[in-house]
Amino acid sequence: MKKTIASLVAVLLALAVAAPALAAQNAKVDARVNVMAADAANYINWTVGGKTVKDSFDAASGASVAQSTKGLDAIRYDANDSKKAAIPVGLRGLLLYPVSSFDIAAYDDLKVTQTGKQIVIRYVHRGVAYELATDKNGKFDLATGAKLAKGLAENVGGEFVLKKEFVKDGADPKKMSSLDWSKVTLVPDVRDPAAKRWYEGKLDFAMKNGILTIKGNLAEKK
């Protein structure tokens, strides 16, 4: 009888230790970014598992106050060792604009267009073009809403220069605003199919007076 009780206690202790690892690491995002100008009111608040971070851009240091650039890897990747994308690459980049200098958004030619509640976001970062689009109700679906196009630029001495076949007639290839999107072939930007875990869900995108907001919950899947 004593052995049975001891065995049961051991099992319960093992389950108690394993419980945190088994618990879903769901995520929550709440972000604001002025796409027209530098704005000290920009922020990103995010939660993953039991950790909550409230972050903004520190103009003095030129970095995020709470280091979300690195911290968001908890949502970006499936694990620290494998580093497989758990969300669309373009979404991760978008979520970093609130904690980055406006110069980066301007250089990336971050643009938002709106038709009713439908939002389409485009930008070019490190020679990759990204597009994120919502449905007519402003819902961005991680599984279907993001697209990208790689191989549009060459790294010349640390500077990305658009390839001539993708540049608007007479435009400067060193400026991402010179990209001719009509010459770009976009493909789905989705989580890595080899990821150990990933996120699914829909985020609410909204645009008003040049202010883009992103809010919603994401469910962890395995």
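A residue is called buried when its relative accessible area is under 20%, exposed when it is over 50%, and partly exposed in between (1.4 Å probe, protein chains only). Helices (H or I, at least four residues) and strands (E, at least two) are DSSP runs, numbered from the N terminus. The structure described here is a predicted model, in which local features need pLDDT of at least 70 and side-chain atom pairs count only at pLDDT 80 or more, while totals for chains, interfaces and linings use all residues. Residues are numbered from 1 along each chain as its sequence is written, and side-chain values use heavy atoms, with hydrogens and water left out.

Strand β15 spans residues 202-208, with L203, F205 and M207 on its covered face and K202, D204, A206 and K208 on its uncovered face.

Which strands pair with β15? Two strands are taken to pair if DSSP finds at least two bridges between them. Strand β9 (residues 139-141) runs antiparallel to β15 and is joined to it by three bridges; in this pairing, F140 stands opposite L203 of β15. Strand β16 (residues 211-221) also pairs with β15 in the antiparallel sense, over five bridges, and here K208 stands opposite I211 of β16. The hairpin of β15 and β16 has two residues between the strands, and N209 takes a positive phi near 55 degrees in it.

Helix α4 (residues 89-96) is mostly covered, as seven of its eight residues are buried. These buried residues are G90, L91, R92, G93, L94, L95 and L96.

The charged side chains remain to be considered. Side chains of opposite charge can pair when their charged atoms come close. A salt bridge is counted when a side-chain nitrogen of Lys or Arg lies within 4 Å of a carboxyl oxygen of Asp or Glu, and the structure holds nine of them.

In one of these, D39 pairs with R32, and the closest N and O atoms are 3.0 Å apart. D39 is partly exposed at 22% relative accessible area, whereas R32 counts as buried at 17%. A further salt bridge joins D73 to K70 at 3.6 Å, N to O. Here D73 is buried, with a relative accessible area of 10%, while K70 is exposed at 56%. K70 and D73 also belong to a network of salt bridges that includes R76. Finally, K183 and D180 meet at 3.9 Å, N to O; K183 is partly exposed at 36%, and D180 is buried at 17%.
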